[in-house]
Amino acid sequence: MHILHRLWRGPILAAVICLLGTRVVTASDEPTLTKDQIKQFLLTAKVVKSQQSNKGITNPWRLTLTDGTVTHDASFQAVDEHKARMETLRGTELAFVDSYKYNIAAYRLAEMLGIDDMLPVYVERSWGGNPGSLSWWLPVKMDEVERHKQKLVAPDPDAWNNQMYKVRVFDELVYDTDANLTNVLIGADWKIWRVDFTRAFRRSKDLKDPKDLVRCDRQLFEKLKALNGNDLAEQTKQYLNKEEVKAVMARHDKIVAQFQKLISEKGEKEVLY
């Protein structure tokens, strides 16, 4: 996600709205539900319509659900592929996994860090005879690919960058080998969501791009320092194995150390916001 390092400036909000027109799902179109209500809806609402997407590697399904009062769409991914060896665009990967379970693990981890508002709500549910992850369909205007293609910039660069700093920290923590610009979604208010973690949680104990770690949200940093491996194992026991949890915590230690080093060199105000 090195492309995301750039800072973009310019007054373009009106241009974005004109460009995307009726494709925009505004916040006013969204039902007002709590996180727990969204989870319950995803787990129990009836599926009344389905359509498979041709976007991404796993071709997720867009399902329409209703409980008789609320009707809303959700994204369903059932991929659960395990291979001893896999040839990818990035080369040969051993102990390859592409699994919906990592979506749920990522959401559980984000909840522990207090940044779950950066991800859609993910739950595990079976549909079409297969278990998978089901996530709340987001009020998205575009993804990062479209934003780059149209050369659009956020009206508030500082707010945008503060969101991106959190995305970068989380990406280093979960070690997603398929992190790409289609997995960064943007709402009408320039809110950023990070989605699709089916190729995350690799067993590497090193960071992918430590140079990405330049600033951190103050509350996120406190949550990071308090993160406990036993608690993580408990919260993700159905979705991560022991080695995957150990790898997360090893990367966690390096992330915390990186920011502590930066704070000692530059001062807290230059690193935490």
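The following is a working chat about the fold of this predicted model.

Q: Before we start, what kind of model is this, and how are residues numbered?
A: It is a predicted model, in which local features need pLDDT of at least 70 and side-chain atom pairs count only at pLDDT 80 or more, while totals for chains, interfaces and linings use all residues. Residues are numbered from 1 along each chain as its sequence is written, and side-chain values use heavy atoms, with hydrogens and water left out.

Q: How many helices and strands does the protein have?
A: The protein has nine helices and ten strands, where helices (H or I, at least four residues) and strands (E, at least two) are DSSP runs numbered from the N terminus.

Q: And what's the strand order in the open sheet?
A: Five strands form the open sheet in the order S1-S2-S3-S7-S6, with antiparallel pairing; two strands pair if DSSP finds at least two bridges between them. The edge strands, each pairing on one side only, are S1 (46–52) and S6 (122–127). From one strand to the next, the twist averages 35°.

Q: Which strands does S7 pair with, and over how many bridges?
A: S7 pairs with S3 over four bridges and with S6 over six bridges, in the antiparallel sense each time. Within S7, Ser-135 is the bridge partner of Ser-75, and Leu-134 is the bridge partner of Val-123.

Q: Why would you call S7 largely enclosed?
A: Because five of its seven residues are buried, S7 is largely enclosed by the rest of the structure; buried means under 20% relative accessible area, with a 1.4 Å probe and protein chains only.

Q: What happens at the turn between S6 and S7?
A: Two residues lie between the strands of that hairpin, and Gly-128 takes a positive phi near 65°.

Q: Which helices lie across the sheet strands?
A: Helix H2 (residues 35–44) lies across S1, S2, S3 (71–77), S6 and S7 (130–136), running at about 10° to S6. Helix H3 (residues 101–113) lies across S3, S6 and S7, and runs at about 155° to S6. Axes here are lines fitted to C-alpha atoms, for helices over the stretch in contact, and angles run from 0 to 180 degrees between N-to-C directions.

Q: Switching topic, how do S4 and S5 pair?
A: S4 (residues 80–88) and S5 (residues 91–99) pair over eight bridges in the antiparallel sense, and a hairpin joins them through two residues. One of the bridge pairs is Arg-85 with Leu-94 in S5.

Q: What about H5 and H8, how do their axes cross?
A: The axes of H5 (residues 157–174) and H8 (residues 242–266) come within 8 Å and cross at roughly 140°. The two helices are therefore oblique to each other, since angles under 35 degrees count as roughly parallel, over 145 as roughly antiparallel, 65 to 115 as roughly perpendicular and the rest as oblique.

Q: Which residues make that contact?
A: From H5 they are Val-169, Glu-172, Leu-173 and Val-174, and from H8 they are Val-248, Arg-251, His-252, Ile-255 and Phe-259, with contact meaning heavy atoms within 4.5 Å.

Q: Last one, what share of the whole protein is buried?
A: Of the 273 residues, 48% count as buried.

Notes
Buried < 20%, exposed > 50% of the residue type's maximum accessible area, 1.4 Å probe, protein only.
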